[in-house]
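This briefing concerns the structure displayed below. Please keep the view open while reading, as the points are grouped by topic.

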Amino acid sequence: MMDYPIKYRYISPFILEVCWPADICEGILLDIIRLKKGLQTIWGPDLRDMTMGYHCLSLHFNSAINFPLVLSEIEEVRTSTGFSILPARKRWHIPICYDLEFGKDLSIMAKTTKLNIEEIIDLHSSTIYLLYFYGFMPGFMYLGGLAEELYTPRKNMPDRKVKKGSLAIGGRQTGIYPMDSPGGWSIIGKTPVNIFNLHSKDLVLAQPGDEIQFEKIDKDLFYFIQDQDAASRYVLKNETIHGQNYGH
Amino acid sequence: MGKITVIKPGFYTSVQDLGRYGYAHLGVPVSGAMDLISFNLANHLLKNQPDAACLEMTMMGATLFFDQPTLIVLCGAEAPISINGQPQTLNRIIPIQAGDCLKISQFQSGQRVYLAIKEGFMSEVILNSRSFYKGITSQSHLKQGNILFYPSSTFTGTSAHAHLKFVDWTRDGKYLEVYPGPEINNLREEIYDKLFQNKFTISTLQDRMGIQLEEHLPNNLKEILTAPVYPGTVQLTPSGRLIILMRDAQVTGGYPRILQLTDKAVSLLSQKRPGQAIQFNLLEGG
């Protein structure tokens, strides 16, 4: 099941990283998710935190690691068929208003990408993105799948304040700022939905391995959904995906 | 319940505990006291729970008004401390009466002072921690006029017996113990040697997220695929800057990770001032 070559990196007596080949690809992501789920099952409360990168799974233990024991248990999970089943994949539809009022860098991007604004929006909202992991700031999704035509270098002078909910493109990546923050990415739209919600039982809805699609909405709907969401009456549209190759 | 009124907040004062664990996979930083050694000592002297929340003050202390009796301990940087104008000392239990005014002035050495209070501060708990962090807690640092709550506690003993022998961590030498980082072996040999033979200077570019060093290191490493980082991770940027990540650091980063400070080294470093020299001392293995 898990036949990528992996390496171990000893970060400290408490932290061990499992590393896959340095590549951004779905196969590696699914392998990481399988191992993460398996280790959670066997170690549970011994683990303080488990974080991910594109090709790393980091295991942060509550006490000093017994490396020989831990490595043999990781190998056991990787080779056991009992841990090869992936959780069901969901596709989340996140409403985005690409109006120029929110997408303040769309005009500049139209020049640099040599596309017109409509083409940028259509391309961006027709793509289905894959959620790799959360990082950078609370609730920030690292998404794979941005169309090459939309690659945009980061700004030389970062904006001092990017508004919460802003949808942006930086380099080969696209993502939503879950809270106000300085930022150097180009802003193309905004979601009315709180994607990192401290007042909800689930802080985030989408899990690594899930799909994200951005749904174009107009300004009236933006403000309507914003009010609904603020009153906890908005439910993010989602469906379970039964891809024929998924999970094998 | 007692109430503290913040008369002057100091330069940067926040509530901190041991940190916010179990949420890093959602991008939430660990946070918690920068100098855990002083933080732990302060709670220990008061026989508090190890995770009791303290106030962390930076460079310039706060002026606080108490409306109920309690016990406090101050640990960490050397700072002039007074209650109603009467000088007080670090590292011992100080009884507080209703109406007392505690003043901590500009620090003489070290960067952070911890104020522990009997049974801990009672600020909001978000994701299992009281540690302030912008975007998670409602504020990132204290402002003038803020109110802090604490359990009131009457004191019967004397403070003289509570004085404990302690290690003066803030004066500990320039060496910081480190483990090799995941990307260190990609460094050219002469750069690797420089990393351990040279001294580096703490720059003024520092906050709870990270500390930049003044000297640059020639860099032959490319940026990496975004990968996990931790408090104590030393990153090398494309322009050769060295950044040491601290307790409020992001959970992932794209710069090569060349060293990992021990937890003790993170505490020691958080007491160093801009202009002070450090040198990395490599420990075997991880």
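The structure is a predicted model. Chain A contains 5 helices and 14 strands, while chain B contains 3 helices and 20 strands. Where the two chains touch, chain A supplies 30 residues and chain B supplies 24 residues.

**Overall dimensions**

- For chain A, the radius of gyration is 20 Å, against the 18 Å that the globule rule gives for 248 residues; the two values are close, so chain A is as compact as a globular protein of that length.
- Along its principal axes, the C-alpha atoms of chain A occupy a box of roughly 55 × 40 × 40 Å.
- The corresponding box for the C-alpha atoms of chain B, taken along the principal axes, is roughly 60 × 35 × 30 Å.

**Contact between the chains**

- The contact draws on 24 residues of chain B and 30 residues of chain A.
- On the chain B side, the residues that touch chain A divide into 13 nonpolar and 11 polar, with no charged residues.

**Helix packing in chain A**

- Two packed helices are described by the angle between their axes and by the distance between those axes.
- Helix α1 of chain A (residues 26-43) packs against helix α2 of chain A (residues 67-79) at an angle of about 125 degrees, and their axes are 10 Å apart.
- The crossing of α1(A) and α2(A) is right-handed.
- From α1(A), the residues in the contact are Leu35(A), Gly38(A), Leu39(A) and Ile42(A); from α2(A), they are Glu73(A), Ile74(A), Val77(A) and Arg78(A).
- By class, this contact of α1(A) with α2(A) comprises 5 nonpolar, 1 polar and 2 charged residues.

**An open sheet in chain A**

- In chain A, 3 strands form an open sheet in the order β10-β9-β12, with antiparallel pairing.
- Strands β10 (173-176) and β12 (186-190) of chain A are at the edges; each has a single partner strand, so one side of each is left without a neighbour in the sheet.
- From one strand to the next, the twist in this sheet averages 25 degrees.
- Strand β9 of chain A (residues 166-170) pairs with β12(A) through 4 bridges in the antiparallel sense.
- Within this pairing, Leu167(A) has Gly189(A) in β12(A) as its bridge partner.

**An open sheet in chain B**

- In chain B, 5 strands form an open sheet in the order β2-β3-β10-β5-β8, and the pairing is antiparallel.
- The edge strands of this sheet are β2 (12-16) and β8 (94-96) of chain B, each of which pairs on one side only.
- The twist from one strand to the next averages 25 degrees.
- Strand β5 of chain B (residues 70-78) runs antiparallel to β8(B), and 3 bridges join the two.
- Ile72(B) has Ile94(B) in β8(B) as its bridge partner.

- Strands of a sheet pair through backbone hydrogen bonds, either parallel or antiparallel.
- Strand β13 of chain B (residues 200-206) is joined by 2 bridges to strand β20 of chain B (residues 277-282), and these strands run antiparallel.
- Phe200(B) is paired with Ile278(B) in β20(B) as its bridge partner.
- Strand β13(B) is also joined by 2 bridges to strand β14 of chain B (residues 210-213), again in an antiparallel arrangement.
- In β14(B), Leu213(B) stands opposite Ile202(B).
- A hairpin of 3 residues connects β13(B) to β14(B).
- Strand β14(B) is in turn joined by 3 bridges to strand β17 of chain B (residues 242-245), and the two run antiparallel.
- Ile211(B) has Ile244(B) in β17(B) as its bridge partner.

Definitions and conventions. Residues are numbered from 1 along each chain as its sequence is written. Chains are lettered from A and ligands numbered from 1 in the order in which they are written. This is a predicted model: local features need pLDDT of at least 70, side-chain atom pairs count only at pLDDT 80 or more; totals for chains, interfaces and linings use all residues. Two residues are in contact if their C-beta atoms, placed from the backbone, lie within 7 Å. Ala, Val, Leu, Ile, Met, Phe, Trp, Tyr, Cys and Pro count as nonpolar, Asp, Glu, Lys and Arg as charged, and the others, Gly among them, as polar. Two strands pair if DSSP finds at least two bridges between them. Axes are lines fitted to C-alpha atoms, for helices over the stretch in contact, and angles run from 0 to 180 degrees between N-to-C directions. A crossing is left-handed if the near helix is turned anticlockwise from the far one by less than a right angle, and right-handed if clockwise. The radius of gyration is taken over C-alpha atoms; the globule rule is 2.2 Å times the number of residues to the power 0.38.
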